[in-house]
Amino acid sequence: MKGRKSKPGGTAPIARRPAGLGRQRQRQRLIDACISALHIHGPSNTTVEKVVAIAKMSPGIVRFYFDSKAAMMVASLQFLSSEFEALVLVPVAELKDTPVAALRRMVELYLDPEIASARKVSVWYSFWGEASSRQEYYDICGLKDERFANLVRMLVERLITDTRQTHLDPDGIALGLIGVLEILWQDFAFQTEVAIDRQAATRRAMAYLRSIFPGQFTLGHAVAAPAHDAAVFASFEADRLEGILSGAQLAGLEARIPAAGDFLTVETATERLLLLRDAAGAVRMWRIARRG
């Protein structure tokens, strides 16, 4: 066959090293296939054979790009981390002088399908699950989370300064926002792409910010919540009437979040709840139903 060599005594073709732009494209094709394989099989059960089957490439081509399966997986995680920085951290940081616009943009980008597809989110969590035993995974995941957390805290601190609400705790509020976004990502990871309601997810994240900074994150600037969705952002009293948590449970939980910005998550038999004490001292709750 023209352009390829055959093994002595046989007819099986030997993969030929690509060059230039074609080489970059083939490497990225393998990384994309590796991410898909990780989404389907998880890190432990992903093999080179499964990756090249998804990529529709020859198994021999892999050695031109990666020394091992482990190297290919690290490259895939590095790609996801670089993508997150380019598509979320950089554009949000460019708006740092206008923290309201920056935080709103952060929510939009963090939940965008380019970053938060069910495929990619599940792979992030797969790597985190393996991070305790793989230093490379821990370093890459940890650096991404640290950069994101620092950016969120900086924006929250600037907004507190701009609004002169110096009694608020920037660390607690930033941690609360990160917690909301993480819960939404977890919800995405267990759904098919077509089942993800990104508008509802955006409403929930913006409602968190609005509960602390009501004058800055009005419904007029965010995706308006329909009437039937009002219960998602109900107060404790409304949910107490629905019997989700007993009065004793509520009193105990309220005592654990005494200051503005304090939050915690609670698991019930049917739902995952995020509880937050807002700037006015009221306790608010976000209800995120589990998917079957």
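Trainee: Why is the contact between aspartate 171 and arginine 153 called a salt bridge?

Mentor: A salt bridge needs a side-chain nitrogen of Lys or Arg within 4 Å of a carboxyl oxygen of Asp or Glu. Here N to O is 2.4 Å, so the pair meets that definition. The model is predicted: local features need pLDDT of at least 70, side-chain atom pairs count only at pLDDT 80 or more, and totals for chains, interfaces and linings use all residues. Residues are numbered from 1 along each chain as its sequence is written, and side-chain values use heavy atoms, without hydrogens and water.

Trainee: What makes the pair a link between distant parts of the chain?

Mentor: Aspartate 171 is in helix H7 (residues 170-189) and arginine 153 in helix H6 (residues 135-163), 18 residues apart. Helices are DSSP runs (H or I, at least four residues), numbered from the N terminus. Salt bridges that share partners also join Arg153, Glu157 and Asp171 into one network.

Trainee: How do you know whether lysine 120 is buried or exposed?

Mentor: Check its relative accessible area, which is 8%. Buried means under 20%, exposed over 50%, partly exposed in between (1.4 Å probe, protein chains only). So lysine 120 is buried. Glutamate 83, at 11%, is buried too.

Trainee: Why do lysine 120 and glutamate 83 count as a salt bridge?

Mentor: Their closest N and O atoms are 2.8 Å apart, so they pass the cut-off. Lysine 120 lies in helix H5 (residues 118-130) and glutamate 83 in helix H3 (residues 69-93), so the pair ties together parts 37 residues apart in sequence.

Trainee: How many salt bridges does the whole structure have?

Mentor: The search finds eight.

Notes
Helix = DSSP H or I, 4+ residues; strand = E, 2+ residues; numbered from the N terminus.
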